[in-house]
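Here is a short report for a first look. Keep the sequence and the 3D view open as you read.

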Amino acid sequence: MSLTQGAPLLDRGTADTPDRERGRGSEDAPRGRRRDRDRRHRGKKASPAMFLVILPFLVLVLVFSYLPLAGWATAFYDYKPALGLSGSDFVGFQWFRMLVSSPTQLQQIGQVMANTLAMSFLGIATSLLPVFFAMLLNEIRAPWFKNAVQTLTTLPNFISWVLVYMIAFSLFSTSGLVNSVLNDWGIITTPIKFLDTGEHVWLTMLLWSLWKGLGWGAIMYLAAITSIDPALYESARIDGAGRFQLMRYITFPQLMPTYVVLLVLSIANMLNNGMEQYYVFQNAFNKEHIQVLDLYVYNIGITGNSLSMATALGMLKSVISVVLLVTANAIAKRARGTSII
Amino acid sequence: MSITSPALKRTRGDFPFAIVNYAGFLLFALLCAYPFYFLIINSISANDMSALGQVRLWPEGFHLSNYTQILQLDGLSAAAIVSVARTVIGTACTVLASAFLGFMFTQERMWKRSLWYRLVIFTMYFSAGLIPMYITMKTLGLTNSFWVYILPAIVQPFNIILVKTYVESMPASLQEAAEIDGAGTLRVFFRIILPNMTPILATVAIFTAVAQWNSFQDTLLYITDQKLYSLQYLLYTYTNQASSLAQAAQNAQGNLGALATAATTQTPTSIRMTVAVLVVLPILFIYPLFQRYFVKGIMLGAVKG
């Protein structure tokens, strides 16, 4: 949903909680593990009235989260919006086959997958940057400077992609600031097309995500640094460790558990780039390299009007994503003993 | 806390390192801040200067008439009202629902409590996808309705987890005492629990409000009626569709032509900049004030690594 995309880190951050929940509240949990809050209700009868007051909210959840799953049926019909599902023809797996039928279609899907995976891997490849950002910012001694940097660098995280695009447009369009400065300085005579080009699209998209997310991404690590046991630093110092050795042998390893969890989650989210960033930056020149899976689904479904095929593709994506998430969770569980979702 | 205590002996590499470190952060902070400054100075500069890209470091030919003129653009005040309304109503609904559900899910007596709780939380991990959502909204008659901004966003599993964890950390005796005095569950919620969880609700509210204000995709997907466009969507069309912008500039001309001079005549650039500032200003104002809530929000959700 669009609302959760406002704070992607937050989504990932949810991590532990539901799992903790699973062990605790469930009715079959061993009595001894229950906390005193639970004890006082022991023996009281289950209350249907309490269920009734939350029922309206459960209905909302059913309608907006579970009911849309029924829409997956669309993938198996030749869906015509005007006729509804009952008036459309059942076509079985036709749309799934069509996704890989012709060489052109196959080539297009291949390009979309390449874009999707490339953007995700670039994101994963740069995922250590917030860690370094936090470690270096922590070395700044002047508190006012540290605070100012923190405020200014986290600000871009709270503006929409539309606004980011608007900023990109004002600065980098052919009549934008950068071109007019370069022109005034006599470096160029014809404006450079920074936005209307199919070159370096993956890289520029990465840079914009970094501009938007780097400062905010570091916040969690900054907070994690403050919770590192000072005794570790004390003893390392007594052993003669200098600043860089402290960073390398104490701070960095202490941040790794947090980092690994976020890394595993981002691997699990590999196919979910979201479409907003790519939609706003999309144009006729860069379309080939900017179309990630989410955007492609939108483009063929809403713009191109083939709702059924888009549903088929979206359905495949959802299923693979859930499998990835469950797998990542299982791996994390083996490695650290606790699950991450 | 600081890990670099004064007792730490300074090594020879320290000074150059500090210089590079400060300079690096200064550069990146400027890189983050300058675009916002650029929008603001351009929106208050002479419009013929800003159109030529000559406003770079400070305002040239200061004037504020863009802001009075922009409000007369077709659709802009409507979009502003939609954006404010969805932010206020949406935030109020989400905060109240999160508070209520977060509390109710701590009530062990609820019939099949953990089943309902899991039903809600599970929705964080899958999505039916774009097209099924679109078809659902259309079937429900929510396309081209203001409520598409509000209803789907009311139940937010993540917020519910935050509130629930918070309520569980409150002393259980708080509720017990009230119940002994004869208060029912709802009364306990409104009189005892709700007033005691303002810190967590502030965090939820601030994140929800920013998400609502910034939301663009729902307008793109579900709304074709221009009266229901949000400011974000309007800004997108102004930035990306030269035709709609030229139209807007022309309309502004028609309304105000008699009074305009070269410096105050609306240009595509001036309209774009001014709308962008309107869109970003609320964020610029609330962000520094509420920064600690944002940080707290992410920490509450953070992985306890």
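## Terms and numbering

Two residues are in contact if their C-beta atoms, placed from the backbone, lie within 7 Å. Residues are numbered from 1 along each chain as its sequence is written, chains are lettered from A and ligands numbered from 1 in the order in which they are written. This is a predicted model: local features need pLDDT of at least 70, side-chain atom pairs count only at pLDDT 80 or more, and totals for chains, interfaces and linings use all residues.

## Two domains in chain B

Chain B is assigned domain 1 (14–73 + 229–301) and domain 2 (76–226); such bounds come from an automatic or database domain assignment. Taken over C-alpha atoms, the centres of these two domains of chain B are 32 Å apart.

In chain B, 19 residues of domain 1 are in contact with 22 residues of domain 2. On the domain 1 side, α12 (231–240) and α14 of chain B each supply at least two residues. Helices are DSSP runs (H or I, at least four residues), as strands are (E, at least two), numbered from the N terminus. α14(B) gives the most to that side, with nine residues. By class, the domain 1 side has 14 nonpolar, four polar and one charged residues. Here Ala, Val, Leu, Ile, Met, Phe, Trp, Tyr, Cys and Pro count as nonpolar, Asp, Glu, Lys and Arg as charged, and the others, Gly among them, as polar.

## Where the chains meet

Between the chains, 89 residues of chain B are in contact with 102 residues of chain A. Helix α14 (residues 268–301) of chain B gives the most to the chain B side, with 13 residues. That side has 57 nonpolar, 21 polar and 11 charged residues.

## A helix pair in chain B

The axes of helix α4 (residues 76–104) and helix α10 (residues 198–214) of chain B come within 9 Å and cross at roughly 145°. Axes are lines fitted to C-alpha atoms, for helices over the stretch in contact, and angles run from 0 to 180 degrees between N-to-C directions.

The contact includes G90(B) and T94(B) of α4(B), and A205(B) and W213(B) of α10(B). By class, it has seven nonpolar, eight polar and one charged residues.
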